[in-house]
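Here is a short briefing for a first look at this protein. Keep the sequence and the 3D view side by side as you read.

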Amino acid sequence: MTAQTILPANTLSSGYDVANSLRFNSGSSDHLTRTTDTATNTDKCTISFWVKRGFKASGDHKIIANYTDANNRCFIFITGDNQFQIFQKLGGSTTISLKTNRLFRDFSAWYHFVIRVDTSQGTDTNRIKLYINGVQETSFATDTYPSQNENFRINESSVALLIGRPTDTEYFNGYLSEFVLLDGQTLDATSFGEFDEDSGIWKPKDFKDDVTFGNNGFYLEF
């Protein structure tokens, strides 16, 4: 565990201070693994985390993954071209590919990502929503949305959920903090953060009493 504050030193305290993060060092194969239980709802979940990138000479920064084989996998990551992407393949077909036009090249910054999943929605663009530092992202280089009622592999039942390592040869390099998965509940970024009224900076807030975790849900406080 490495002591890292999410907020810049000149930011006013929100009354909810996050002092710790977990450092992942790709050179030493650091990662977390959890086998999921029976999901409350494989169509609905929310993932929220703060990330600070570490230097990596090449390749993708895979943050969270479900990997069975090359034809059945789901990755949430920052690409080697510094874009953020949500990618899923089922039976050899790409069923989800949301990749931002926006680039994330600041290695000194903390970014907050919220992925809101509800594949039961009739409108495809409502089935996955991405929020970055409190604002919904709408500009994508690729925008393949899941079919209605498609399972989201990150929240499937009885699978290995991988944080910091999608495969045996790829590892994340950087810091993660306030990592949350809610099984069966879909929330936007305002459930996990708020804009500071003085500085306008997006900052974390205490959310634990206002959410439902479900069978597979968890909160990694580090």
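Asp-196 and Lys-203 are both buried. The two join in a salt bridge, with their closest N and O atoms 2.9 Å apart. This is a predicted model, and the points below are grouped by topic.

**Salt bridges**

- Side chains of opposite charge can pair when their charged atoms come close.
- The count of salt bridges here comes to five.
- One of them links Glu-137 and Arg-102, with an N to O distance of 3.4 Å.
- Glu-137 sits in the loop between strand E11 (135–136) and E12, while Arg-102 belongs to strand E8 (residues 93–103), so this pair ties together parts that are 35 residues apart in sequence.
- Glu-137 is buried, because its relative accessibility is 11%, below the 20% cut-off.
- Arg-102 has a relative accessibility of 32% and therefore counts as partly exposed.
- Another salt bridge pairs Asp-206 with Lys-208, and the closest N and O atoms are 2.9 Å apart.
- Asp-206 is partly exposed, with a relative accessible area of 40%.
- Lys-208 is also partly exposed, at 31% relative accessibility.

**The sheet**

- Seven strands make an open sheet with antiparallel pairing.
- The strand order is E3-E13-E5-E6-E7-E8-E12.
- Strand E3 (32–35) and strand E12 (140–144) stand at the edges, and each has a single partner strand, so one side of each is left without a neighbour in the sheet.
- From one strand to the next, the twist averages 10°.

- E5 and E6 run antiparallel and are joined by seven bridges.
- The two form a hairpin, with two residues between them.
- Asp-69 stands opposite Asn-72 in E6.
- Strand E6 (residues 72–78) also pairs with strand E7 (residues 83–90), in the antiparallel sense and over six bridges.
- E6 and E7 form a hairpin as well, with four residues between them.
- In that turn, Asn-82 has a positive phi of about 75°.
- Ile-78 has Phe-84 in E7 as its bridge partner.
- Arg-73 is partnered by Lys-89 in E7.
- E6 is mostly covered, as six of its seven residues are buried.

- Where does His-61 lie? His-61 is in strand E5 (residues 61–69).
- His-61 is buried, with a relative accessible area of 0%.
- The side chain of His-61 reaches the backbone oxygen of Asn-173 at 3.4 Å.
- Leaving out residues up to four places away in sequence, His-61 touches several others, including Arg-53, Gly-54 and Lys-56.
- Ile-76, Phe-77 and Ile-78 are also among the residues that His-61 touches.
- Phe-172 and Asn-173 are on the list of His-61 contacts too.
- Asn-173 is placed in the loop between strand E13 (160–163) and strand E14 (174–183).
- Asn-173 is buried, with a relative accessible area of 12%.
- Which backbone atom does the side chain of Asn-173 reach? The side chain of Asn-173 reaches the backbone nitrogen of Ser-26, at 3.1 Å.

**Cysteines**

- A disulfide is a covalent bond between the sulfur atoms of two cysteines.
- How many disulfides does a search of the whole structure find? The search finds zero.
- Cys-45 is in no disulfide, and the nearest cysteine sulfur, that of Cys-74, is 8.8 Å away.
- Cys-45 is buried, with a relative accessible area of 1%.
- Cys-74 counts as buried too, at 1% relative accessibility.

Terms used:
Residues are numbered from 1 along each chain as its sequence is written. This is a predicted model: local features need pLDDT of at least 70, side-chain atom pairs count only at pLDDT 80 or more; totals for chains, interfaces and linings use all residues. Side-chain values use heavy atoms; hydrogens and water are left out. Two strands pair if DSSP finds at least two bridges between them. Axes are lines fitted to C-alpha atoms, for helices over the stretch in contact, and angles run from 0 to 180 degrees between N-to-C directions. Buried means under 20% relative accessible area, exposed over 50%, partly exposed in between (1.4 Å probe, protein chains only). A polar contact is a pair of N or O atoms within 3.5 Å; within protein, one must be able to donate a hydrogen and the other to accept it, and residues adjacent in sequence count only if both atoms are side-chain atoms. A salt bridge is a side-chain nitrogen of Lys or Arg within 4 Å of a carboxyl oxygen of Asp or Glu. A disulfide is a pair of cysteine sulfur atoms within 2.5 Å. Contact means heavy atoms within 4.5 Å.
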